Amino acid sequence: MSTDVAVRVEDKLFYNRYQVDPGRAHIKVRPHTTPTPQLKALLNACPARCYELNDKGQVEITVDGCIECGTCRVIGEPSGDIEWSYPRGGYGVLFKFG
Amino acid sequence: MIEERFDAIVVGAGMAGNAAALTMAQRGMKVLQLERGEYSGSKNVQGAILYADMLEKLIPDFREEAPLERHLVEQRFWMLDDKSHVGLHYKSDDFNEEKPNRYTIIRAQFDKWFSSKVKEAGATVLCETTVTELAQDAYGKVIGVKTDRRDGEIHADVVVLAEGVNGLLGTRAGLRERPKPENVALAVKEMHFLPRETIEARFNLKGDEGAVIEAVGTISRGMTGMGFIYSNKECISLGIGCLVSDFQKTGETPYGLLERFKQHPSVAPLIEGSEVKEYSAHLIPEGGYNAIPELCGDGWVVVGDAAQLNNAVHREGSNLAMTSGRIAAEAIFQVKSRRDPMTKANLALYKKMLEDSFVIKDLKKYKDMPALLHNQSQNFFLTYPQLVSKAMQNFVRVDGTPKKEKESSTLRSFVSARSWTGLFGDAFRFARAWR
């Protein structure tokens, strides 16, 4: 069962300030053919909707909108599905209010 | 490698890190604080309520210069079903005191100010620097940190890990476990801006008075979680958080819950017409006493959220962080003053002092609460709010039904939803976990 309210997450991320570090993704998804239940859970659990299914049915990540909460690390790192680091110093999301 | 050697390195510039760095610098220690954000506070997220007492111990005259939003005079607890709320409101003019007890704050702004105090006290604060690893000697003793700067290894007698709930260093070095999905909540929050007069009118406040609403019920869709609405001067912090394990199980989305919370008929009028200026998310340690890791070792201590020091029942976290940071710093200073090495045995003084403080005492008191709320989430967060709301409606709606019939219908709805054994069992378990 999923929430029945339509939300445009990209509009929410648009409020935020980011310093993007091009070519240096701080989170990586392990190459896979079929996603594990943990990887699939990230499609809904990530509050910035960074995880999406590609047309081959694999889970991909785009880290540009990441708000660095760590939810995906808690779910996906133990199973080895993702590699998690913080962005380099000064990069990533910059909260004005926090 | 940076040749300079420090007495202590503090990783992170949140509440715990700032309290630790400030306390050690005030005592004349040579302190380096490392923060990965552009400035102290730029990566930090909290609701946020500040408890004055803990800050006052560090900076007695903080009220004169800290960026504070509103002092809190009112606390509301709401139990929601889809259309209604049953509320407990506590408002007291006693809180309009000369030195108020609680304030709302905006963390990025508050932390920036807190950090300026750390610098004034003489600590070196280096921002835009991510610590990638702990530096350890052949025996595993922590001797410093490695950073993402060139030649970025820096040495110190002791490292204070104030790296937050999602701290990587301690887990990478095998000093503590990564937080488990059932021990952390994911909270999402928006900042809703409105003219201050509008906020004061909607929350029935005068001047710098503030109000807080905490809400449980159908908004979390049966998951262990809570919504919150905090009034600031010119904006409202509004968010909702639920256990990560529950998100994993249900497939609910955090932003979906937030939208539904905002659309609830009791909430929507409070934020109507507002301009949203930020969307943030953060993990909250919810495991309580049983989730506290080893607090110190050879050359290191861990403080604040990184040590899971959060009282989920009372929603106190930053004060536990601040207190643990201060106590760790005082313990380190004592060890240093005796010219003793920073070994696990000597640093155990921090653990001892923390156990004697309200921090561990409070967490111990509620040690069974996280498991209870987690295992009974459907009852506490879905069934009971719906039943209570139905009972209230039954009580206030006048429609010609005799009161006796109404009362037995209310009672029947409780018993059919939970059974007598269930009701008594829940009450008993709750009382025992609270005690």
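**Pockets, a cavity and a helix pair**

The lining of the second largest pocket divides into 6 nonpolar, 5 polar and 7 charged residues. Here Ala, Val, Leu, Ile, Met, Phe, Trp, Tyr, Cys and Pro count as nonpolar, Asp, Glu, Lys and Arg as charged, and the others, Gly among them, as polar. This is a predicted model: local features need pLDDT of at least 70, side-chain atom pairs count only at pLDDT 80 or more, and totals for chains, interfaces and linings use all residues. Residues are numbered from 1 along each chain as its sequence is written, chains are lettered from A in the order in which they are written, and side-chain values use heavy atoms, without hydrogens and water.

Back to that pocket. Its volume is about 300 Å³. Of its 18 lining residues, the closest to the centre include His26(A), Tyr86(A) and Arg88(A). A pocket is an open set of points on a 1 Å grid over the protein atoms alone, with protein on both sides within 12 Å along at least five of seven lines; in a cavity, a 1.4 Å probe fits but cannot get out; lining residues have an atom within 4 Å of a point.

Next, the cavity. The whole structure has 1 cavity of 30 Å³ or more. The largest cavity has a volume of about 100 Å³. Among the residues closest to its centre are Cys46(A), Cys66(A), Cys69(A) and Cys72(A). Its lining has 12 nonpolar, 2 polar and 1 charged residues.

Last, two helices. The axes of α1 (15-26) and α3 (107-120) of chain B come within 9 Å and cross at roughly 15 degrees. α1(B) and α3(B) are therefore roughly parallel (angles under 35 degrees).

Notes:
Axes are lines fitted to C-alpha atoms, for helices over the stretch in contact, and angles run from 0 to 180 degrees between N-to-C directions. Helices (H or I, at least four residues) and strands (E, at least two) are DSSP runs, numbered from the N terminus. Angles under 35 degrees count as roughly parallel, over 145 as roughly antiparallel, 65 to 115 as roughly perpendicular and the rest as oblique. Grid points are joined across faces, edges and corners, and a volume is the space filled by probe spheres set on the points.
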